[in-house]
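The following exercises are to be worked through with the sequence and the three-dimensional structure at hand. Each task is followed by a solution in steps.

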Amino acid sequence: MKFNKWVLGFTVLFPIIFGYLYGNSDVVVLVVDYGNRCMSFWFVALIVIFMGFCAMFGSLLHYMLPRKRASEGVVVVNETEEEQTLNISSDNDNASSVIKKHRISESTPTETNNAVILDDSSNHSTSTTLAEIPIMALGDSNQTDIDEDLHSRQLAVYGRETMRRLFASNILVSGIQGLGAEIAKNLILAGVKSVTLHDEGTVELWDLSSNFIFSENDVGKNRALASVQKLQELNNAVVISTLTTKLTKERLSDFQAVVFTDISLDKAIEFNDYCHNHQPPISFIKAEVRGLFGSVFCDFGPEFTVIDVDGEEPRTGIIASISNDNPALVSCVDDERLEFQDGDLVVFSEVHGMTQLNDGKPRKIKNARPYSFTLEEDTTNYGTYVKGGIVTQVKQPKLLNFKPLREAIKDPGDFLLSDFSKFDRPPLLHLAFQALDKFVSELGRFPVAGSEEDAQKLISVATSINDSFGDGKVEDINPKLLRHFAFGARAVLNPMAAMFGGIVGQEVVKACSGKFHPLFQFFYFDSVESLPTEPLDSSEFKPINSRYDAQISVFGAKLQKKLEDTKLFIVGSGALGCEFLKNVALMGVSCGDQGKLTITDDDVIEKSNLSRQFLFRDWNIGQAKSTVAASAASSINPCLNIEALQNRVGPETENVFDDNFWENLSVVINALDNVNARLYVDQRCLYFQKPLLESGTLGAKCNTQMVIPHLTENYGASRDPPEKQAPMCTVHSFPHNIDHCLTWARSEFEGLLEKTPAEVNAYLSNPAEYTTAMTNAGDAQARDNLERVLECLDREKCETFQDCITWARLKFEDYFSNRVKQLIYTFPEGAATSTGAPFWSAPKRFPHPLQFSAADPSHLHFVMAASMLRAETFGIPVPGWAKNPKLLAEAVDKVIVPEFQPKNDARIVTDEKATTLSTASVDDAAVINDLIMKLEQCRKNLPPEFRMKPIQFEKDDDTNYHMDMIAGLANMRARNYSIPEVDKLKAKFIAGRIIPAIATSTAMATGLVCLELYKVLDGGHKLEDYRNTFANLALPLFSMAEPVPPKVMKHRDMSWTVWDRWILKGNPTLRDLIEWLKQKGLNAYSISCGSCLLFNSMFPRHRERMDKKVVDLAREVAKVELPPYRHHLDVVVACEDDEDNDIDIPLVSIYFR
């Protein structure tokens, strides 16, 4: 028995151990070499056999065990006198640090100046123009698989190629104060290969105003070392390393991009010169946040290629006509506006008649209009245009020539503007930051907050530098602004760090990938409007040995107290909510004895959240977002008084968020992802007159809107136009783009696998009630419901998995062959409309039926996914062979497919205004009765407990086959209509309605909002002090403007806006209300509560209600239920003045308690 145990142990453990070692080629070579030296054929043969077995076992383990990126490993602290670095442990003792392998790929590298450089030509084979332009040290795209569950939202912004480049990029972040921490966070969430943190300083209490990583326990520790653990938790696939000693310029060659957040100008010039002249160039970014002022400088080398300037999909148009002219006029159908611009290059395809344009050659356009453009080409001798054609924009790479900092500081060129009301501000700030650098280099310290002497010294330095500029000097150096700059120069404020962390993080992504247009080259920003409106005494700025000392040095102690006593409501704890919680915790909002922060979110954490919602970890998946986020925020600042709720904010939870709750709030911050919820919160804030700070993101874009009582319009005052929906007939019969196909696919998925099984269960649960409801409805929809239920329980009922395969195969035939055959039978290719025009004219595409082939993987995969999901709805076990293509094909071949016979009376909806495909019939009632009788017969043959399992679409689980079926449905339909197909990921984006999202734009939006929060809580700011923002980090574009004021309505000497609400107390009667309005010169002729009319002067009987209490009328007539916590009700009153002009008055609140 002992021997058997040893044999079993050896048999199991040896392959596992050897399988692990097999991954290291050095070990394999060592073993084989040892065998050769032993000159033993049998030994070598035995080793070879073992290696084969272990490789197989190792492969099995590879799929059994959790996978990590190739760059992931064991983090080990290696401290020497020269440096302290976190390196990857390696089986090869001579292996270099991971940060020195950043350009190593599967291909053979070449070495130049000790830097390993990849041959990157393969990445640009699709564009001759691109290949001719030198590319900087972009990351190698030959990287491991992308975790699409984790990065799905980010993939929707960047695409796979950019993500692979990020995965191969090594970044240095120097200066781990608030700004450095924010940049590192965003890069780690994005998934770069490695981030090296450099900082020689130690954590101070001062740092806790802006750095979410540090706690009071870290005071005295090296900043870089204190940051590693918490940053590593954000993404275990990213290698986090540290440098804690003086940085040499030679060390910079280890990185694709370097970021400096706390460096002198002289040292920055030295490092930048090295990076600019390095081969390949190293992208260099210098960023600073000084109080309410910030700057960014970018230099990506003498020649940097932007592969994709804006990240937008190439624009397309459907051609309606092309003239034989010089130049030629191209007109497109008015289905969608063209988004072309003069000078764009376009290519043509599928053009009939003028086939010379189908050569794939890019052509320049001009005179771009919404539905036409001119082609700079002579088409006089070309064939005459007949029909069809797609025109597609060709996106061109762009070459940028960056100047080094040494030159750019003297000749900065055009500054990137953010606020057109401050168009003269960037040159002044360019001067101010140089003056501050000189001040620090001369005195060895920053100006002291509140010190007029230091402020004057800085102004004097700025004046001296300005005078040396000669003709290029700034006309007005604005001493008042420089005084504010001097007072806050030492402080790093969290909102500024969050904003600039987003901007700089995005610039690093651009540097590593060539995706999006870089910032070229200087950007300056200030938010001096955030300062308190009242002048502050110098004593207000003195530190009090608090974690908020840096913030106090800018805003003073009084505003800090207001922040701490704030009662804040944050609605939502997703990506925006996590950033807001971090920001307000660091700012000290709701951290005082009188303060309270309430956060609510009814959602739970999913894996896809982890790439942006940085307060969550993988072990939190499945937990409530608000609870986890609140706990994480409390760890950032233990003084935070926070309550986490799991309630959706809406009419159904007004017992939770009651009048008392809203009335006690100081401010509300929305962190929502849908318009309807935003509109509801907006109405609540409008009603209770509470400030609402609104923001949103879409990929690299973000916007903020300040809703301030009586100063600005409310959120709902202006709306975006609704998205254009494709007509139902287009989606179901005449698709002409992949979006139509995917919309149809998701509709069919939900109909087949969710709605029909749910209808079956509704019928089986209560047959009498269900059939009665259908009989009473008696319409085409009821008939269709009954037909689907009967079909599911009778003709298409599945009892075995082979039945499910049969169902799936016949569905393929129905969808992609029979329906198309019927369509082209009803409307042949030469069919004409009632006006004589060709029926199959643009944008319609003539379809072709598909012939099923088990040899086509896409056909077979559709059948597999559909049959497995069908089996799930019927509770049928899926056999193991279902995923075996050969065995599945054999099962499919057994299915007998009936021959299709077209119908002469088939009805196909072609009306674009139609809202349903169901057509009413005069004999619907008779058909419904017949269907009910057949259903009753079917039900008798079913077990009493039989129920189906409806499947709700879940896009983020790649193992459930939902997206496989939807992608299969959409792509087969696209193939019918000769529409380009998409992969499963792109299908997920469209069908799953995934909102593209990245951490950088989220961070920027929340930083901007929190800069406005200072103004709101200070309480004395005017409309012109506030800013709404739209930004697009891809371009980059920053557009800031003061909010729009509310519309003012006037009557006599009164005026009011949407913010006003008239209040009448004392539980008045209807007569009291009318008389009260009469005193204001208003004649009430209609009073309503909700949707019910309480009074109208046209109805004589309503005069009998005059002496009744308004609240009693509301209970009796409007059936209003007034819970104990409600003290008033609201009525809408329609009034006229004495000249019979209608006057819109505010809502009237009647207090009855």
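**Exercise 1.** Determine whether Glu1136 is buried, partly exposed or exposed, and describe its surroundings in this predicted model.

*Solution.* Step 1: the relative accessible area of Glu1136 is 24%. Step 2: a residue counts as buried under 20% and as exposed over 50%. Glu1136 is therefore partly exposed. Step 3: Glu1136 belongs to strand β33, which covers residues 1128-1136. Step 4: with neighbours up to four places away in sequence set aside, Glu1136 touches Gly1081, Leu1082, Asn1083, Tyr1085, Asn1141, Asp1142 and Ile1143. Step 5: Ala1084 is 52 residues away from Glu1136 along the chain, yet their C-alpha atoms are separated by 6.6 Å.

**Exercise 2.** State how many helices and strands the chain holds, and what share of its residues is buried.

*Solution.* Step 1: the chain has 33 helices and 35 strands. Step 2: of its 1153 residues, 53% count as buried. Step 3: among the contacts with a separation of 6 or more, 72% join residues 24 or more positions apart.

**Exercise 3.** Give the strand order of the open sheet of 7 strands and identify the strands at its edges.

*Solution.* Step 1: the order is β7-β6-β5-β8-β9-β10-β19, and the pairing is mixed. Step 2: β7 (239-243) and β19 (522-526) each have a single partner strand, so one side of each is without a neighbour in the sheet, and these two stand at the edges. Step 3: from one strand to the next, the twist averages 15 degrees. Step 4: within this order, β5 (residues 170-174) and β6 (residues 194-198) pair in the parallel sense over 5 bridges. Ser174 has His198 of β6 as its bridge partner.

**Exercise 4.** Describe the closed barrel and one of its strand pairs.

*Solution.* Step 1: the barrel consists of 6 strands in the order β12-β13-β16-β15-β14-β17, with antiparallel pairing. Step 2: its twist averages 50 degrees from one strand to the next. Step 3: β15 (residues 363-366) and β16 (residues 372-375) pair in the antiparallel sense over 2 bridges, and Lys366 stands opposite Thr374 of β16.

**Exercise 5.** Name the strands that pair with β25, and state how many of its residues are buried.

*Solution.* Step 1: β24 (residues 692-698) pairs with β25 in the antiparallel sense over 7 bridges. Gly696 has Asn703 of β25 as its bridge partner. Step 2: the hairpin of β24 and β25 has 2 residues between the strands, and Gly699 takes a positive phi near 60 degrees there. Step 3: β26 (residues 1028-1032) also pairs with β25 in the antiparallel sense, over 4 bridges. Cys702 stands opposite Ala1031 of β26. Step 4: β25 (residues 701-707) is mostly covered, with 5 of its 7 residues buried.

**Exercise 6.** Describe how helices α22 and α25 are placed relative to each other.

*Solution.* Step 1: two packed helices are described by the angle between their axes and the distance between the axes. Step 2: the axes of α22 (residues 738-765) and α25 (residues 801-826) come within 14 Å and cross at roughly 140 degrees. Step 3: the two helices are therefore oblique to each other, and the crossing is right-handed. Step 4: Trp744, Glu748 and Leu752 of α22 make the contact with Trp807, Lys811, Tyr815 and Phe816 of α25.

**Exercise 7.** Locate two cis peptide bonds and two residues other than glycine with a positive phi.

*Solution.* Step 1: most residues other than glycine have a negative phi, and most peptide bonds are trans. Step 2: Asn326 and Pro327 are joined by a cis bond with omega of about 0 degrees; Pro327 lies in the loop between β12 and β13. Step 3: the bond from Phe520 to Gln521 is cis, with omega near -10 degrees, and Gln521 is in the loop between α14 and β19. Step 4: Gln689 has a positive phi of about 55 degrees and is found in the loop between α20 and β24. Step 5: Arg1052 has a phi near 55 degrees and lies in the loop between β28 and β29. Step 6: Gln689 is partly exposed at 30% relative accessibility, whereas Arg1052 is exposed at 58%.

Terms used. Residues are numbered from 1 along each chain as its sequence is written. This is a predicted model: local features need pLDDT of at least 70, side-chain atom pairs count only at pLDDT 80 or more; totals for chains, interfaces and linings use all residues. Side-chain values use heavy atoms; hydrogens and water are left out. Buried means under 20% relative accessible area, exposed over 50%, partly exposed in between (1.4 Å probe, protein chains only). Two strands pair if DSSP finds at least two bridges between them. Axes are lines fitted to C-alpha atoms, for helices over the stretch in contact, and angles run from 0 to 180 degrees between N-to-C directions. Angles under 35 degrees count as roughly parallel, over 145 as roughly antiparallel, 65 to 115 as roughly perpendicular and the rest as oblique. A crossing is left-handed if the near helix is turned anticlockwise from the far one by less than a right angle, and right-handed if clockwise. Contact means heavy atoms within 4.5 Å.
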